[in-house]
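Welcome! Below is a short walk through one protein model, for someone meeting it here. Take a look at the structure, and then read on.

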Amino acid sequence: MMDTVMTDRLKNSIISPQATIAEAIAVLDKAGTGALMLSEQGGILCGLLTDGDIRRAVLRSQALDLACSTIANRTPVVVPPTATKTEMLHIMNTRDINHLPVVDADGRIVNFVLRKDLVTEEQLELSAVIMAGGFGKRLLPLTEQTPKPMLPVGDRPLLEFSIEQLRKAGIRRVNVTTHYLPDKIIDHFGDGSGFGVDLNYTTEDHPLGTAGGLKLMPALDGTMLVINGDILTGVSFQKILAYHREHKADITVGVRRYEVQVPYGVIECVGERVVRLTEKPQLNFLINAGLYLLEPSVYRYIPDGRRFDMTDLIERLIQEGRPVVSFPIVEYWLDVGRHADYEKAQEDVKSGKL
């Protein structure tokens, strides 16, 4: 069984260096390895592309139609087939890497070892809050009698996917903020024991926004993950936490690249003089993906008893000169806010993306 898993991993984590960055993102999301090995015909290793390489490219607004080799490490650290697990883990620790291609004497790929193969992942020192109090008005009439997080996706509620992902990441303490039809959520999940987590609920008498509800909970005693209840994503919470700590952020905001195709030629002028014409340009933005990591220091910036969104908190922290950083999500991500998004979620479950 393990040999089959390793064979599938090897097959799924190899990509041509000529493939585009966009194609690499799709392959990486399916592979779930956090990195891809670049190889020409013959199986010779010619580079390693990590999700970190892709995130940095997104932050630089790199064109996603460029070859993935342009952002990859062309001389990655490798080990021979004779390397022991102890030797591989030592290399990973000393070089601060999480992936090791295994190549033979001719440079051909024979295996791909991940850190998780060598060490058991411990429970994350991270608590989580799922914001599940919204009315879901854009999904009416589906949400007339059902809160949006409880809409079925496949054979289970939307919220169950998020709770399962938190549990798999080693997050056990989860708080759910509710407002609209809270009993539908509480009756299904109870104390969370049936889902492998410790669930608590905070019910808002009136909507307090995506940050205001945090003041109804005890003061933060450590880093907290806050995620919107209508988000489906395959992002690694371990990686976003490591990124958050590396940048010593007060808040890390999950962001997603969003492209807009302008259907017209765009004219740029200086006064009345035309200086440039760009035909149907494509504009790229980073949008708020509804996922955040917060430090206890931000708690004092949230007012008591009134609506206060996470965007308000971010703006206040920026004004105060506090460190707010972005983490590009290149893994699967879907905001189930509209009927078309809900239909896509159903399709993704059927196709195995979720």
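A residue counts as buried when its relative accessible area is under 20%, as exposed when it is over 50%, and as partly exposed in between (1.4 Å probe, protein chains only). This is a predicted model, in which local features need pLDDT of at least 70 and side-chain atom pairs count only at pLDDT 80 or more, while totals for chains, interfaces and linings use all residues. Residues are numbered from 1 along each chain as its sequence is written, and side-chain values use heavy atoms, with hydrogens and water left out.

**A surface patch**

Valine 260 is partly exposed, because its relative accessible area is 32%. Valine 260 sits in strand E13; strands (E, at least two residues) and helices (H or I, at least four) are DSSP runs, numbered from the N terminus. Together with Tyr258, Leu283 and Phe285, Val260 makes a nonpolar surface patch of about 350 Å². Such patches are made of residues with over 30% relative accessible area and no salt bridge, where nonpolar side chains (Val, Leu, Ile, Met, Phe, Trp, Tyr) are joined within 5 Å and like charges within 9 Å. The areas come from the Shrake-Rupley method with a 1.4 Å probe, and for residues only the protein chains shown count as cover. Strand E13 (251–261) and strand E16 (282–294) each supply at least two residues of the patch.

**An enclosed strand**

How many of the 5 residues of strand E11 are buried? In strand E11 (residues 224–228), 5 of the 5 are buried, so E11 is largely enclosed by the rest of the structure. In a regular strand the side chains alternate between the two faces of the sheet. In E11, Met224, Val226 and Asn228 point one way, and Leu225 and Ile227 point the other way.

E11 also has partner strands; two strands pair if DSSP finds at least two bridges between them. With strand E6 (residues 127–131), E11 pairs in the parallel sense over 5 bridges, and there serine 127 has methionine 224 as its bridge partner. With E16, the pairing of E11 is antiparallel over 4 bridges, and isoleucine 227 stands opposite leucine 291.

Elsewhere, 3 strands form an open sheet with mixed pairing, in the order E1-E2-E3. Strand E1 (14–15) and strand E3 (45–50) stand at the edges with a single partner strand each, so one side of each has no neighbour in the sheet. E1 pairs with strand E2 (residues 35–39) in the parallel sense over 2 bridges, and isoleucine 14 stands opposite methionine 37 in E2.

**Salt bridges**

A search of the whole structure finds 18 salt bridges, each a side-chain nitrogen of Lys or Arg within 4 Å of a carboxyl oxygen of Asp or Glu. Here are some of them.

| Pair | Closest N and O atoms |
|---|---|
| Arginine 55 and aspartate 51 | 3.2 Å |
| Arginine 173 and aspartate 221 | 3.9 Å |
| Aspartate 309 and arginine 307 | 3.7 Å |

Both arginine 55 and aspartate 51 are buried. These two are separated by about one helical turn, because they are 4 residues apart in helix H3 (residues 51–59). Asp51 and Arg55 are also linked with Lys239 and Glu331 in a network of salt bridges.

Now for the pair formed by arginine 173 and aspartate 221. Arginine 173 lies in strand E9 (residues 173–178) and aspartate 221 in the loop between helix H8 (209–212) and E11, so the pair ties together parts that are 48 residues apart in sequence. Arginine 173 is partly exposed, at 44% relative accessible area, whereas aspartate 221 is exposed, at 63%.

Aspartate 341 belongs to helix H11 (residues 339–351). Is aspartate 341 buried or exposed? Aspartate 341 is buried, because its relative accessible area is 12%. Its side chain makes a polar contact of 2.9 Å with the side chain of arginine 338; a polar contact is a pair of N or O atoms within 3.5 Å, and within protein one must be able to donate a hydrogen and the other to accept it, with residues adjacent in sequence counting only if both atoms are side-chain atoms. Lysine 350 is also in helix H11, and lysine 350 is exposed at 76% relative accessibility.

Finally, arginine 276 lies in strand E15 (residues 273–279) and is partly exposed, at 47% relative accessibility. Leaving aside neighbours within four places in sequence, arginine 276 is in contact (heavy atoms within 4.5 Å) with Val266, Ile267 and Glu268.
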